[in-house]
Structure formats: C-alpha cells, structure tokens
Amino acid sequence: DYFQAISILKDLYKKAKLVHGDFSEYNIFKTENDLVVFDLGSGVDLRHPNAQEFLKRDINNIGRFFNKRGIPIEDPDELFEEIVK
C-alpha cells in the first residue's frame, strides 16, 4: 500500500500536474484491489507558489503513517527529488 500511495503522489504530480495538499491516511480508501484518493479540495496546480511545500508535507504525512506501522519508507527528501525531477 505504501508504494501505491507514493505512485499516486507521483501520478498526480507528473500526469495531472497537481499536488494533493492534504494527502494522508484520512483521504485514502482501501478497496480490495487498490487505494482510492479523495478530497482533492486542497489540491493545487504545480504553478501554485506553495505547491512544493505541500508536496513535501504530503510525502511526510503518508510516510509517517506507514512508518508508525513498521513499514519501511523511502527517504522523504530523496522521494521529493525523484518526484519533482
């Protein structure tokens, strides 16, 4: 689930040109097969002046959730750089 959550962040950024802005366990449904993200009301276009800070926060929020459950996570700074490159 962690890797799928990160994949969603990447797709939002690279394909939709958006940052969720409030990406956390509270805005993800787990179905039998996939994760489904909702509540994009805080989402911003990449041109938004705070888009990069919001992306960092999203990465940290979801990482913290999985890390607390003993799931290894990627380094947040490295993940940020990978997404924005």
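These questions and answers cover helix packing and aromatic pairs in a predicted model. Local features need pLDDT of at least 70, side-chain atom pairs count only at pLDDT 80 or more, and totals for chains, interfaces and linings use all residues. Residues are numbered from 1 along each chain as its sequence is written, and side-chain values use heavy atoms, with hydrogens and water left out.

Biologist: How are H1 and H2 oriented to each other?
Modeller: Helices are DSSP runs of H or I, at least four residues, numbered from the N terminus. The axes of H1 (residues 2-14) and H2 come within 10 Å and cross at roughly 170 degrees. Axes are lines fitted to C-alpha atoms over the stretch in contact, with angles from 0 to 180 degrees between N-to-C directions. Angles under 35 degrees count as roughly parallel, over 145 as roughly antiparallel, 65 to 115 as roughly perpendicular and the rest as oblique, so H1 and H2 are roughly antiparallel.

Biologist: Which residues in H1 meet H2?
Modeller: Contact means heavy atoms within 4.5 Å. On the H2 side, the residues are Gln52, Leu55, Asp58, Ile59, Ile62, Gly63 and Phe66. Their partners in H1 are Tyr2, Ala5, Ile6, Leu9 and Tyr13.

Biologist: How do the residues of the H1 contact with H2 divide?
Modeller: Ala, Val, Leu, Ile, Met, Phe, Trp, Tyr, Cys and Pro count as nonpolar, Asp, Glu, Lys and Arg as charged, and the others, Gly among them, as polar. The division is 9 nonpolar, 2 polar and 1 charged.

Biologist: How are H2 and H3 oriented to each other?
Modeller: H2 (residues 51-68) and H3 (residues 76-84) pack with their axes 10 Å apart. Their angle is about 130 degrees. H2 and H3 are therefore oblique.

Biologist: Which residues in H3 meet H2?
Modeller: H2 supplies Gln52, Leu55, Lys56, Ile59 and Asn60.

Biologist: Which residues form the aromatic cluster?
Modeller: Rings of Phe, Tyr and Trp (its six-membered ring) pair if their centres lie within 6.5 Å; planes under 30 degrees apart count as stacked, over 60 as edge-to-face and the rest as tilted. The structure holds 4 aromatic pairs. Tyr2 and Phe3 have ring centres 5.3 Å apart and planes at 70 degrees, so they are edge-to-face; Phe65 and Phe66, at 5.1 Å and 80 degrees, are edge-to-face. One cluster is formed by Tyr2, Phe3, Phe65 and Phe66.

Biologist: Is Phe3 buried or exposed?
Modeller: Buried means under 20% relative accessible area, exposed over 50%, partly exposed in between (1.4 Å probe, protein chains only). Tyr2, at 4%, is buried, and Phe66, at 8%, is buried. Phe3 has 60% relative accessibility, so Phe3 counts as exposed.

Terms used:
Helices (H or I, at least four residues) and strands (E, at least two) are DSSP runs, numbered from the N terminus.
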